[in-house]
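Here are my notes for someone opening this entry for the first time. Please read them with the structure on screen.

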Amino acid sequence: MAPKDDNECRQMLHTAYAYNGPAAVRYPRGAGVGVEIQQELTAIELGKAEIVAEIKTGCEEQITILAFGSRVMVAIEAAEQFAQKHDVGVRVVNMRFVKPLDEKIIRDLAEHTHLFVTVEEHAVMGGAGSAVNEFMAQEQIVKPIINLGLPDLFLQQASHGQMLQDCGLDAKGILNSIERAWLKLNQVV
């Protein structure tokens, strides 16, 4: 499980505790984002993602961002900026679970998605984006997809925020990656 914020982390820890089997919660580094904490502990349905933002839903062309953990909020920010600049709808999904992956939501959204983007604070190689790629290949869902995450190399020591920025995992970096992919996808040859 990968929580998007402080409250979801708390609910996921409860879910992991209540689950009768092995469970892992990726505990975020640093301070939380400061959302209101729900006092009631409720288990999250295993393997169930949630759509957290739909911007310009009436557009024919759609981008779906599958965001994992701490990258959900910055993915929403990037999606809003992209939608302001382009006549394209953008949907952001808080995937919540790397395993089990919410295959149903990917399958359901694929029909109306022109570009998938996965965003995670983890290595791209062998990460959540790779799991999405493998599922889409298995299901023969043929859609352009870009995977944003940590590169497969040692990173220079820096603050957490600086490292995310250096890897293009802040809102500006995510926006730039989506714009490059969108332009490339829509080039007239």
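Predicted model: local features only at pLDDT ≥ 70, side-chain atom pairs only at ≥ 80, totals over all residues.

1. In it, Glu-103, Ile-106 and Arg-107 of α3 meet Val-132, Phe-135 and Met-136 of α4. By class, this contact of α3 with α4 brings together four nonpolar and two charged residues, with no polar ones.

2. Now the geometry of that pair. Two packed helices are described by the angle between their axes and the distance between the axes. Helix α3 covers residues 103–110, and helix α4 covers residues 128–138. Their axes come within 11 Å and cross at roughly 65°. The crossing of α3 and α4 is right-handed.

3. Next, the sheet. In what order do the five strands of the open sheet lie? The order is β1-β3-β2-β4-β5, and the pairing is mixed. The edges belong to β1 (50–55) and β5 (145–150), each of which pairs on one side only. On average, neighbouring strands of this sheet are turned by 15° against each other, direction ignored.

4. One strand pair deserves a look. Strands of a sheet pair through backbone hydrogen bonds, either parallel or antiparallel. Strands β4 and β5 run parallel, and five bridges join them. Val-119 has Leu-148, in β5, as its bridge partner.

5. Which strands does α2 lie across? They are β1, β2 (62–67) and β3 (89–94). The helix α2 runs at about 175° to β3.

6. Arg-96 has a positive phi of about 65°, although it is not a glycine. Pro-100 lies in the loop between β3 and α3 too. A cis peptide bond joins Lys-99 to Pro-100, with omega about 0°.

7. On to the largest pocket. Its volume is about 360 Å³. The lining has 18 residues, and the closest to the pocket centre are Pro-28, Arg-29, Ala-31, Gly-32 and Val-33.

8. Finish with the second largest pocket. Its volume is about 220 Å³. It is lined by 15 residues, and those nearest its centre are Ala-2, Arg-26, Val-98, Glu-121 and His-122. Which strand gives the largest share of the lining of the second largest pocket? Strand β4 (residues 115–123) does, with three residues. The lining of the second largest pocket has eight nonpolar, four polar and three charged residues.

How values were computed. Residues numbered from 1 in each chain as written. Heavy atoms only, no water. 1 Å grid on protein atoms, 1.4 Å probe; cavity = no way out; pocket = protein on both sides within 12 Å on 5 of 7 lines; lining within 4 Å. Points joined across faces, edges and corners; volume = space filled by probe spheres on them. Helix = DSSP H or I, 4+ residues; strand = E, 2+ residues; numbered from the N terminus. Nonpolar A, V, L, I, M, F, W, Y, C, P; charged D, E, K, R; others polar. Axes fitted to C-alpha atoms, helices over the stretch in contact; angles between N-to-C directions. Left-handed = near helix turned anticlockwise from the far one by under 90°. Contact = heavy atoms within 4.5 Å. Pairing = 2+ DSSP bridges.
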